[in-house]
Amino acid sequence: MTVIADQPAERELRPPAAGARPAPGPAADEGLARRLKALACTAPLHDLDNRKVNLAGEYGGYAMAEVGLAAIDLVTLHMDFDTGADREIVLARLLPRVAAQSPQRPGAEHQRVARWVLESLINVGSVDRGFRAVYGTFGADGAYVRRDYDFKLIEEVPGPDGGVYLRTTDEAVNVLVGALDTDVTSAQIAAEVKLEVLIRRGRLADAQLAAEQARYRTVQYAETLRRVLDATRRNVRAVDWMQAVPDLIDEALDHIADRYRHENAILTNIRRARDEAEEPSHKRQAAELVDIVKDCIRRHTQLQARLLEAGPLFRAEQDRQAFAAPAARSGIDLYGHLLAPVLRLPIEQAIRPTDAFFAHGAGLRTPTAVRVSDLVELLLTPPVEREHLGAELPDPDLVATPDDSRFSEAQLEAALDLLDLPADAPRRLSGLLAEARRQDPELPYLVALLAVHAASPPVGTAYRQGEERLLFAVDDGATLADPEFGGADLIVGSALLDAVGMAADRKDAQ
Amino acid sequence: MTTPHDASWPAAEAEPAPAALTPGDVADAARLVSFGLQAKLLPARDAEYAELVRRHREDPAFARLADAVATGLNLVVLEVSPRAGMALAAAEESVFAVRMGDYSRRAASETTDRFLHGLAHLAVAAMAFPRPEDLADEGYLGRITVNGVDAFVRQACRRLEEQAELTGDNTDPSSDAPGLEAAWRVWARRSTTGATKDARRLSGSTIGITGKAVAFLVDSGFLQKASDDAGGTYRTTARYQLQVRDLAGSAAMAELIDLGVVPVTDGSATLLPADHSDELVADAGLPFHSL
């Protein structure tokens, strides 16, 4: 168990003087306890900065609490519908901020800091992987009782692929954005109206804040729905499929359709704002807004897919669960008679039934019995050398495949040389063919082939790869007069491409 | 451990059997017990085993002899049938019994860990046989997943937490008396899973603890792995049903009653649909009557 939050909480709680009882009633005491708990949730963040001096090395330059809050932020935003946030993605996104705090330090140290902060927020060292704070209350009889408050900020959850993902807890979200525990739907509508107004007025910094808040709501909404569907999957009978769930699904689908339309409209607006903005900071903010809204739309689409699966899932689960014929009854109901009552007991009592269940329910093991003579032989046998390399691989029999290409490398080079034309002097195909024929009777075929390909130049590829020049061929109607070839006498030339401009365009498009 | 616990030994103990039985019969009876000790072996897979099971059912004298051999070895015979084979359970103080300390070293010293390991076993059984009739129906095949068991317990814990909040109880335990902490809190505050340096499960997490319980039950011949989905998907065997119904359930129940907790239900399932008047709440997957 961590001691992180212990000291500050205790200092806070020490009664001022004997006899002066500070809490006048249970309500005030409760309010105090609630505030103490809220305070405790921030303790791990403060503690990051306090503990950084204990790290071997020079870590004074990093603002750990800032990195910690950023980490909580990133996990919240990357939490997906089914799984939590991918640990590596979170670490990768965290790195630029860490690096910016201390740019002169090596990259390995930045990674170490990011990892340390994330692990500290999970509290990897403790067995519960959580935090504990101690606070005090006055009991009904007026006695002062110290109590343990256990909480987590980032928790690790299993993903469908068997991996471990991260999710922020309610406590962390409260630390992060304050009281988000509101009616999700209405809060979201409010945030979006605000966003639209702000964009129209060109107040992009405020709009970004609003958009980010809207995204938190979206995440929260998805989280609520995920839990409902999860519960359905676990037990069909537990959920009201006559009214409540269909209503909920309809409502959610309506909501998605509405938001989708809305967010697409916003997206168009911001794109315009981005393209028209002249100040670089405005342009950047608008571009970030585009990203956020795109992400919102992606989340809605994901949610919608889940909602459409809900109906078939219910029918399949009903087939599986509901149509089992009721049979004879056993006297014992494991859940109602055992598990539920045990969970209510204090741990020192609860351990007796669980111990009994384990002792009688784990099965039996046949003990290993060894004879002394066997043991001696066993111990004296030299260990078998382990084959690290495994069996030797047979040398594969390689047969040289005959070179059946029509043109040799030298010919290709000669042809490309021939076609390496200056940008301002294109040539006729007929001239090129004649020149090629003088060098090598086979060469004209290759030149013709390349020229025909150039009639439809791979512009897209050249653009993506940032090439600086591109061979092209144009048909201007002239007929080719050649003993071997027929068709159009193409004009073949080189086009220069604006590689720098293209690179900038590409970045923008991403 | 140099005492051989060969199945041939107790055959000698079972000597005061009816005179009509030959040493060969005793050897056969001991052979049947030794088959029963191989928990994963089923009569359907071994002709000799199947023949001995048949003989046990048809020849009362032989059946008494085999049962006597088992009793001499400090074993309890739960059932002898073609579906389960000779289902044996270790009696208390038997050399075949599993001790918590051997099961998990951490559980031997830490009360909370010991509780969590025991609770995991109980939860696996409760999830595998959710309704009372599932335990009685011999054809019933339970199906569990490791992640599902953890989610199931967590949900039950969350219900208790909500209920405590509703009544305004402060469930945060007193720092001076950690033993009075409510049991559900211990499971709820333990991490679900965790990343480790190697790609294994974090052994102290609840999924790690459940995974260990399930793996152990597979070795006991109580579960069979169906797939790797959701942390591992498993089917129950006939032996598990017998063990839980005839032994483990009642043993735990006896302890509970001894503690003065007498859960009273009308014998119908407690995992029931939610009250229709209630609004649908997130995580209302298992609304329970008994809570």
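Mentor: Two residues are in contact if their C-beta atoms, placed from the backbone, lie within 7 Å. The model is predicted, with local features needing pLDDT of at least 70 and side-chain atom pairs 80 or more, while totals for chains, interfaces and linings use all residues. Residues are numbered from 1 along each chain as written, chains are lettered from A and ligands numbered from 1, in written order.

Trainee: Which residues of α9(B) does α11(A) meet?

Mentor: Helices are DSSP runs (H or I, at least four residues; strands are E, at least two), numbered from the N terminus. From α11(A) come L339(A), A340(A), L343(A) and R344(A); they meet A156(B), C157(B) and L160(B).

Trainee: Which are the edge strands in chain B?

Mentor: Strands pair if DSSP finds at least two bridges between them. The open sheet runs β3-β5-β4, with antiparallel pairing. Pairing on one side only marks the edges: β3(B), 143-145, and β4(B), 223-227.

Trainee: What is the bridge partner of T145(B) in β5(B)?

Mentor: Strand β5(B) covers residues 233-236. 3 bridges join β3(B) to β5(B). For T145(B), the partner is T233(B).

Trainee: Which helix lies across β4 and β5 of chain B?

Mentor: This helix covers residues 206-219 of chain B. At about 115 degrees to β4(B) runs α11(B).

Notes
Axes fitted to C-alpha atoms, helices over the stretch in contact; angles between N-to-C directions.
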